[in-house]
Protein chains: 4
Amino acid sequence: MSDLIPTPQAPAPDVLRCAYMDIVVTDLAKSREFYVDILGLVVTEEDDNAIYLRSFEEFIHHNLVLRKGPEAAVAAFAFRVRSQEDVDKAEAYYRELGCETRRGDFTKGVRNAVRVADPLGFTYEFFYEVDHVERLAWAYELQGAGALVRLDHFNQVYPDVVKGTAYLNDLGFKTTESIKDETGVTYAAWMTRKHTVHDTAMTGGTGPRMHHIAFSTHEKHNILYICDKLGALRRSDSIERGPGRHGVSNAFYLYLRDPDGHRVEIYTQDYYTGDPDNPEVVWDVHDNQRRDFWGHAVVPSWYTEASRVLDLDGNLVPLIEREEPKEIEVTIGADGFSYTRKGDTEAGFKVGGQV
Amino acid sequence: MSDLIPTPQAPAPDVLRCAYMDIVVTDLAKSREFYVDILGLVVTEEDDNAIYLRSFEEFIHHNLVLRKGPEAAVAAFAFRVRSQEDVDKAEAYYRELGCETRRGDFTKGVRNAVRVADPLGFTYEFFYEVDHVERLAWAYELQGAGALVRLDHFNQVYPDVVKGTAYLNDLGFKTTESIKDETGVTYAAWMTRKHTVHDTAMTGGTGPRMHHIAFSTHEKHNILYICDKLGALRRSDSIERGPGRHGVSNAFYLYLRDPDGHRVEIYTQDYYTGDPDNPEVVWDVHDNQRRDFWGHAVVPSWYTEASRVLDLDGNLVPLIEREEPKEIEVTIGADGFSYTRKGDTEAGFKVGGQV
Amino acid sequence: MSDLIPTPQAPAPDVLRCAYMDIVVTDLAKSREFYVDILGLVVTEEDDNAIYLRSFEEFIHHNLVLRKGPEAAVAAFAFRVRSQEDVDKAEAYYRELGCETRRGDFTKGVRNAVRVADPLGFTYEFFYEVDHVERLAWAYELQGAGALVRLDHFNQVYPDVVKGTAYLNDLGFKTTESIKDETGVTYAAWMTRKHTVHDTAMTGGTGPRMHHIAFSTHEKHNILYICDKLGALRRSDSIERGPGRHGVSNAFYLYLRDPDGHRVEIYTQDYYTGDPDNPEVVWDVHDNQRRDFWGHAVVPSWYTEASRVLDLDGNLVPLIEREEPKEIEVTIGADGFSYTRKGDTEAGFKVGGQV
Amino acid sequence: MSDLIPTPQAPAPDVLRCAYMDIVVTDLAKSREFYVDILGLVVTEEDDNAIYLRSFEEFIHHNLVLRKGPEAAVAAFAFRVRSQEDVDKAEAYYRELGCETRRGDFTKGVRNAVRVADPLGFTYEFFYEVDHVERLAWAYELQGAGALVRLDHFNQVYPDVVKGTAYLNDLGFKTTESIKDETGVTYAAWMTRKHTVHDTAMTGGTGPRMHHIAFSTHEKHNILYICDKLGALRRSDSIERGPGRHGVSNAFYLYLRDPDGHRVEIYTQDYYTGDPDNPEVVWDVHDNQRRDFWGHAVVPSWYTEASRVLDLDGNLVPLIEREEPKEIEVTIGADGFSYTRKGDTEAGFKVGGQV
């Protein structure tokens, strides 16, 4: 079914981790209020056109760039590599794939990076040289009750998850978990470099699009506080889904939507995956606890909405529809079903028309 | 609109607190698994027909009686009073109201109580004499990660909330919070004796019925653990609503359904209400954060389903429909509406057809 | 041994709860930094001479008055009573005891109070009329990670604990816990009005002095955060003892010292004590887990240091030495001993010269 | 000063992480009670002579082996490597160093490992082949309130920290933090492979000895619960130090002593260190917040006591005294000093004779 991307002869760069996302927002003041005043990310630097933000435990210049623009979109998914040689390796790797590549300083604080229009249509950046800034891990006087301490992962929407996953595996990402059905269709997959469950994931759907960017807190109560604060500010309509416990990843989660609709996950406590033989966990798409371990329904917008992505020239990348079955359709509604206990015929509160 | 219960001349008994609920379950083994094996309540005593359970910080014989019977229902809502004289006062108080009353030992561990068929159709018990048992507050070796430490409150469904509230105010319960609309309709009210937000509440709806019984944990993570455990046991379909933050009461909550459908709330962290001039908080029924401060929709079953109650002879009390507008209808769906920000016309994720 | 205070014929006032403490500080700016900038108490009102502070869930004007003065001391321990009539009752009660009493408005926000020079030498205030202010329970956007939500209790140092306790029992306070030895000496006692373990306590020692004032947080992590913040601010030398778990009260605790040396406890999660037959817990003074359930040594300053108290004219009340054995001497050092397991002769890490 | 271990020409093995410790205990039943009944580690396998334990998120056979023997000691510190080839590399690496090496299956579940008598006198094991077992990350029904989810690190005592650190750096461990003084003396250093602050650390002192083995919990309240449980079981004398916040590592910690005196740390929430240019944090030995960010004194036993280690034949490795200044002596007591604020002459509660 899948028409896979060929594996280059050139060696893949040694990717350390997802490092920052470069996103376009339409109203910088509104976005600043959301990410700085409400979520409490640290401003490393800002000017009239962009704001550079980082999490409290970060020592590189930024984890998120908010860039003013006419239309909300994602300019780049940036990964840090082990050395400047790995930036060169990345460039060669993508050139062999026939992808357009550009070298340069695309944001403040980062130098000699390469950006590539990858075979799936996403703009990836690989960089090593970056300004170090103060790691505010010990600066508790600055940390609010919902302190975001790390960038954890990206999540990308793409029609063909098998194809996307194989491409990322070639690039050195190890698959840790996936959602499949009994016929072999893959609905989503999670892939890692940095010893957590993922640095990025492929979610099946119309794409290429950006599903979400995720920041970590230390504990679950930090996430609950963010909800409380949004309620207190009468911004609870920013909460799209959760908080809850994921089946996949075993992490505790919350999904928010920023003023432009970009989705932000707040995430904590997945598990160590650094061994090469780390066992992959495969979830049945009909298992009602796969995406919410407590069995709560996933809201439709979470399945259907996502941010458009830009090419190297800043133009919207055209969308491709998913041909395979869609998770939302096979799990809920007239044609779908989910179970709490496999083989159980009893419906319970969680299946059927209640929500 | 309301045809109020007359205020007796007899003095009201000095009610200390809601103390235990006496419920009928259809399968004692299944109920034991739910309340003891899963929720971890402490068994004070049990036989073939009944199980007496208490929370970890309780020093009286029980907070919950599970009684085997042919049909799931509630036999009594029991309140502890300050002295044995207050039991007599309760008896006189209800006799003046023309209610049937009975004296006796209705459960193990409790003596010389009075049970009354109250003017709303609920069976209330008032007692003072009770066996003391070990307070297991310090017994951390027995407490699981989701330890239930106190009985917090009851919640009753009744068609006319104003009538029910006035009756309870006469009995000495102070109203702490309520949900109303701009025309003066009251949808629910919360009333207290023991310095928390409530010992019982009146929820508008077909009644008399029992909406839920609530136990407290110390912290929010204890409640999250209960969800995790239910997921691990593939019992997530017991989770009806939450976890979340209430607007009303400001407490953190979770609603479960036991094997008979009796609703159990797990609850933590409301506020002190012991001053006589404690300010009543009135919530607008259209405020989307009143029942969930994070704006999440209340599932329909939570509004419509509740447990039947029994009279003094153990027969089901007939139901009366609510004549006033129903909360579910005025807040969601074709004829209802809710807002995140009063006066805001923007819909957002939380209003409309998404869930 | 004890020469008890006579029980008045006059009825005791109906005390609701400990409500505020009026303390003298020597540098208002330094105290403001400690209580407002660091601990996050809410400023209700302030001027050049005094700052009125409250906790987030409070609806009365203040829980703490910081008053500028030449010498650090405590001007009054203030209790709220059920009605204005109870203020009159308090006045009559103390007059019968031969105590000096004064009526008036002693602080902003509180009217028609009575202050008394009590038989032990403490200045107590009883008041009902008070300005209501906004209860900030739901104002999460204002609450930091270590939010103090309630005033929980006072703690007083007095040489003769039996005498002090009997006096407070007469005033309507119920004893919940105490520390005694096998010969009958009482080292400390805890007494309540508001359904928690205490509104005030008597700690045996040179007195009358104020041992500490305690504020509550919702959860234990809030207390840990306060420690982290003090560390981050290089103010860790404000931490005198803890955090830890109390044996007495079963609460989680932390003791700080303010810039004048006034001791502040941060406290969470004791248990309900509202029933009249609430069982009193008596701890053995030699039980090493009585004051710290984890067996950690109490630092000497915690036993020996406390704040002086003022009479109605603002003069220091003379001190009386404790004649009975002192807890510090019977539990540690050459003449004292403590055990982890009663009857156990093995020393372990917690007994002996290690700390 | 230091006589460094030469750097081998042979490539170092690719170490993934600290994986298990093999310790000798004198009473298997008592140790089982401590590690299984109290701490809740999962038993993978056991017989009359050994118990194989793992943490809840582990998928390899064990993280701790308790082996019955005549004298408490440590048989091996075991690291997992990326492949079986890396086991061979390890063997060659140590042979070049002139160290004795042995190949074999030293414990159940692990095959084709190499054990080496390293240049410092510690027995290190390197292995790849291991039985996979069920990862119990999702098995919340089995996890208690203090669930240990991962093995986090080892800590070794050695006289010459510079020498030990250089040796581990050669082996591919990156230094993340250290404690030094103004004259250049190094008192301790932390080194990592797996993206956390450490897989092992060198603590200056009489050695070679094992200072502690550390397991992680998800949250801080899990650690507090372990203290509460030990209190409830009247085992609080197992608590040697903490709970508290480390300065070094920024983690939350607790130190326990097992029935043989082996030290176990419970640990949570340090930070990501996976980038090659991760900034090393150097702490001043006189900074009173370096080992406890809240400024609490380190108990003397923590500095002076540690477990003996065994050579490949199971004999105790002779001890070497530390020649450089000792941390305990330069920080407390007659000749030492610590500060809360550098340059501050004021003592405060934390310096001086109080504890």
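Buried area, as used in this report, is the accessible area (1.4 Å probe) that two parts lose on being put together, summed over both. By that definition, the area buried between chain D and chain B is about 990 Å², with carbon and sulfur atoms giving 67% of it. The model is a predicted one, in which local features need pLDDT of at least 70 and side-chain atom pairs count only at pLDDT 80 or more, while totals for chains, interfaces and linings use all residues. Residues are numbered from 1 along each chain as its sequence is written, chains are lettered from A and ligands numbered from 1 in the order in which they are written, and side-chain values use heavy atoms, with hydrogens and water left out.

Contact is taken as heavy atoms within 4.5 Å. A salt bridge is a side-chain nitrogen of Lys or Arg within 4 Å of a carboxyl oxygen of Asp or Glu. A polar contact is a pair of N or O atoms within 3.5 Å; within protein, one must be able to donate a hydrogen and the other to accept it, and residues adjacent in sequence count only if both atoms are side-chain atoms.

| Interface | Residues in contact | Buried area | Area on carbon and sulfur | Salt bridges | Residue pairs in polar contact |
|---|---|---|---|---|---|
| chain A and chain D | 39 of chain A, 39 of chain D | about 3,400 Å² | 51% | eight salt bridges | 29 residue pairs |
| chain D and chain B | 14 of chain D, 14 of chain B | about 990 Å² | 67% | zero salt bridges | five residue pairs |

The side of chain D that touches chain B divides into seven nonpolar, three polar and four charged residues.

## Salt bridges over the whole structure

Over all chains, the structure holds 139 salt bridges. One pair consists of Arg341(B) and Asp237(A), whose side chains meet at 2.7 Å, N to O. Arg341(B) lies in the segment after helix H6 (327-331) of chain B, and Asp237(A) in the loop between helix H4 (220-232) and strand S16 (239-245) of chain A, so the pair joins two chains. Side chains of opposite charge can pair when their charged atoms come close.

## Sheets

Helices (H or I, at least four residues) and strands (E, at least two) are DSSP runs, numbered from the N terminus, and two strands pair if DSSP finds at least two bridges between them. Axes are lines fitted to C-alpha atoms, for helices over the stretch in contact, and angles run from 0 to 180 degrees between N-to-C directions.

In chain B, eight strands form an open sheet of mixed pairing, in the order S2-S3-S4-S1-S5-S9-S8-S6. Strand S2 (42-46) and strand S6 (101-104) of chain B stand at its edges with a single partner strand each, so one side of each is left without a neighbour in the sheet. Neighbouring strands are turned by 25° against each other on average, direction ignored. S2(B) pairs with strand S3 (residues 50-54) of chain B in the antiparallel sense over four bridges, and Val43(B) has Leu53(B) in S3(B) as its bridge partner. Helix H2 (residues 84-96) of chain B packs on this sheet, where it touches strand S5 (73-81), S6, strand S8 (113-117) and strand S9 (123-127) of chain B, and its direction makes about 160° with that of S6(B).

In chain D, an open sheet of eight strands has the order S2-S3-S4-S1-S5-S9-S8-S6, with mixed pairing. Strand S5 (residues 73-81) and strand S9 (residues 123-127) of chain D pair in the parallel sense over four bridges, with Tyr124(D) in S9(D) as the bridge partner of Phe77(D).

In chain C, strand S1 (residues 15-25) and strand S4 (residues 64-68) run parallel and are joined by five bridges, and Met21(C) stands opposite Leu64(C) in S4(C). Strand S3 (residues 50-54) of chain C runs antiparallel to S4(C), joined by four bridges, and here the bridge partner of Leu53(C) is Leu64(C).

Terms used: Nonpolar A, V, L, I, M, F, W, Y, C, P; charged D, E, K, R; others polar.
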